[in-house]
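Here's a walk through some helix packing and the spaces between the helices. Have the model open and follow along.

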Amino acid sequence: MGTIHLVRHGQASFGSDDYDRLSPLGWRQGQRLGEHFRAHGMRVEAVFTGTLRRHAETWQAIRAGWGEDGDAQIWPGLDEYDSAALIEALNAPPPADPHTPEGYREHFRLLRDALRQWMAGVITPRGMQPYRQFVRDAVAVLDHVRTRHRGDVLVVSSGGPIATLVGHLLGTSPETTIELNLRMRNTSVTEVAHNPKRCALVSFNALPHLTGPEHRDWITHA
């Protein structure tokens, strides 16, 4: 039996013109996780990432701290949903400045509502596939790994696909899957045990590399 290590990307650039890039802290979070892997002698048979820039940069940061060579295999089913398209589909007034506490709360209130409606098939956000297909594309990576690998595998993705995989494994309600998604921390590690027949959740949203007091301010969610 092996383990799939699902890693959410490092802190991205929420509220900027280009969210899809790591912040300076996001790079440090990724490198610190790589250092943790190196210190614990972790080895993997393969690495998978989505197509997004923040996925690729997180893997680069992890690799720098880990000292591992090799490229990741690109898996589009690990890509995040489009939060802007989701909120736009509600036809609601746009949220206030996300840099303010009020704007930040309003953004995630609208996102929760949009996710619920998308998952229920009520809205079809521009440029997005139906939620059922989103789930199938994410779950396909688990099926791929369990049928082709026997050891550990690293997967770098986003909160939406990782929460979707956890929800799939546990059979949670859509509302619970949304809450899992929005509670996920940057560079958190979710472990899934796998064998040729099945996958099973072992741990969720852990930060083993940021447990010391010197890293308390490194824990982020966006």
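## H1 against H2

Start with helix H1 (residues 24-39) and helix H2 (residues 53-66), which pack at an angle of about 45° with their axes 6 Å apart. Helices here are DSSP runs (H or I, at least four residues), numbered from the N terminus. Axes are lines fitted to C-alpha atoms over the stretch in contact, and angles run from 0 to 180 degrees between N-to-C directions. H1 and H2 are therefore oblique to each other (under 35 degrees is roughly parallel, over 145 roughly antiparallel, 65 to 115 roughly perpendicular, and the rest oblique). Their crossing is right-handed, where right-handed has the near helix turned clockwise from the far one by less than a right angle.

On the H1 side, Trp-27, Gly-30, Gln-31, Leu-33, Gly-34, Glu-35, Phe-37 and Arg-38 do the touching, and they meet Glu-57, Gln-60, Ala-61, Ile-62, Gly-65 and Trp-66 in H2. Contact here means heavy atoms within 4.5 Å. Sorted by class, this contact has 6 nonpolar, 5 polar and 3 charged residues (Ala, Val, Leu, Ile, Met, Phe, Trp, Tyr, Cys and Pro count as nonpolar, Asp, Glu, Lys and Arg as charged, and the others, Gly among them, as polar).

## About the model

This is a predicted model, so local features need pLDDT of at least 70 and side-chain atom pairs count only at pLDDT 80 or more, while totals for chains, interfaces and linings use all residues. Residues are numbered from 1 along each chain as its sequence is written, and side-chain values use heavy atoms, with hydrogens and water left out.

## H7 and its two partners

Helix H6 (residues 159-170) packs on helix H7 (residues 174-182) at about 135°, with the axes 8 Å apart. H6 and H7 are therefore oblique to each other, and the crossing is right-handed. Gly-159, Gly-160, Ala-163, Thr-164, Val-166 and Gly-167 of H6 touch Thr-177, Leu-180 and Asn-181 of H7. That contact has 3 nonpolar, 6 polar and no charged residues.

H4 meets H7 too: the two axes come within 10 Å and cross at roughly 140°. H4 passes H7 in a right-handed crossing. From H4 come Phe-108, Leu-111, Arg-112, Leu-115, Arg-116 and Met-119, and from H7 come Pro-174, Glu-175, Thr-177, Ile-178, Glu-179, Asn-181 and Leu-182. This contact has 7 nonpolar, 2 polar and 4 charged residues.

## A cavity and a pocket

On a 1 Å grid over the protein atoms alone, a cavity is a set of points where a 1.4 Å probe fits but cannot get out; a pocket is an open set with protein on both sides within 12 Å along at least five of seven lines, and lining residues have an atom within 4 Å of a point. There is 1 cavity of 30 Å³ or more, and the largest cavity has a volume of about 70 Å³. Helix H4 (101-119), helix H5 (131-148), H6 and H7 each supply at least two lining residues. Among those lining the cavity are Tyr-81, Leu-115, Trp-118, Thr-164 and Ile-178. The lining has 8 nonpolar, 4 polar and no charged residues.

The second largest pocket has a volume of about 180 Å³ (the space filled by probe spheres set on grid points, which are joined across faces, edges and corners). Its lining includes Asp-79, Glu-80, Tyr-81, Trp-118 and Asp-137, and by class comes to 5 nonpolar, 3 polar and 4 charged residues.
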